[in-house]
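Thanks for asking me to look this one over. Here are my notes, point by point, to read alongside the model.

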Amino acid sequence: MSLSDTTHDEVEVAEAPAAVRRVLLVWDAPNLDMGLGAILGGRPTAAYRPRFDALGRWLLARTAELSGGSAQRVEPEATVFTNIAPGTADVVRPWVEALRNVGYAVFAKPKIDEDSDVDADMLAHIEQRNRGGGLAGIMVASADGQAFREPLERLAAAGVPAQVLGFREHASWAVTSDTLEFIDLEDIPGVFREPLPRVSLDSLPDEGAWLQPFRPLSALLTSRPAQGVA
């Protein structure tokens, strides 16, 4: 076989349609933890922790909806991306094992410094699954418009149903998008056991309300200069 024949065969393999198309859920744990903490004003209690079993059932229903009429097999894939800070492995392990037991794949990465986030890993996984037309749908649970807005809009423009899951207070870029569908996590049945104590600038009580910081003030000691407030 000549080199040109080999190259042609490789191109044909690369362009062949995927045997299985996926409805992919990507959960950005660091971003959503920060957003939920801002809404609650602290770490969530059991009543306010997201129920991933309920989210999984919603994903299964969404997959069944998107697979209607498809000639290819369509399967759901639930993924959670998270950072593990030094010394927290024993604390985080039960949560990771519970996720895996429900049916989620977990990508865990050490939190070594400020550049150790999982944004690039999430985008790489989305791209890998989309290669060769392998995505039947994409849901990203995050408020990080800087990382996800353009990639998701490109997928939507290519015909892949794209949804953003999160909190409306922190994802205005998705709420107002003409191409992306936004779903508030609290609107998915069963994801939260109790209503979240939400306060926004659009729905302030007459007596006023505290809006808690997104991060501790001490984070300024390690933040990049560009993250300052003008």
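In what order do the six strands of the open sheet come? They run 3-2-1-4-5-6, with parallel pairing. Before the details, please keep in mind that this is a predicted model, in which local features need pLDDT of at least 70 and side-chain atom pairs count only at pLDDT 80 or more, while totals for chains, interfaces and linings use all residues. Residues are numbered from 1 along each chain as its sequence is written, and side-chain values use heavy atoms, leaving out hydrogens and water.

1. **The sheet.** Strands here are DSSP runs of E with at least two residues, helices are runs of H or I with at least four, and both are numbered from the N terminus. Two strands pair if DSSP finds at least two bridges between them. Strand 3 and strand 6 stand at the edges with a single partner strand each, so one side of each has no neighbour in the sheet. From one strand to the next, the twist averages 20°.

2. Strand 4 (residues 135–141) and strand 5 (residues 162–166) run parallel and are joined by four bridges.

3. **Salt bridges.** Counting a side-chain nitrogen of Lys or Arg within 4 Å of a carboxyl oxygen of Asp or Glu, there are 13 salt bridges. In one of them, Asp 121 meets Lys 109 at 3.1 Å, N to O. Asp 121 lies in helix 5 (residues 119–130) and Lys 109 in strand 3 (residues 105–110), so this pair ties together parts that are 12 residues apart in sequence.

4. **A buried pair.** Which residue forms a salt bridge with Asp 184 at 2.8 Å? That is Arg 198, and both residues are buried (under 20% relative accessible area; exposed is over 50%, partly exposed in between, with a 1.4 Å probe and protein chains only). Salt bridges that share partners join Arg 168, Glu 169, Asp 184, Glu 186 and Arg 198 into one network.

Methods
Axes are lines fitted to C-alpha atoms, for helices over the stretch in contact, and angles run from 0 to 180 degrees between N-to-C directions.
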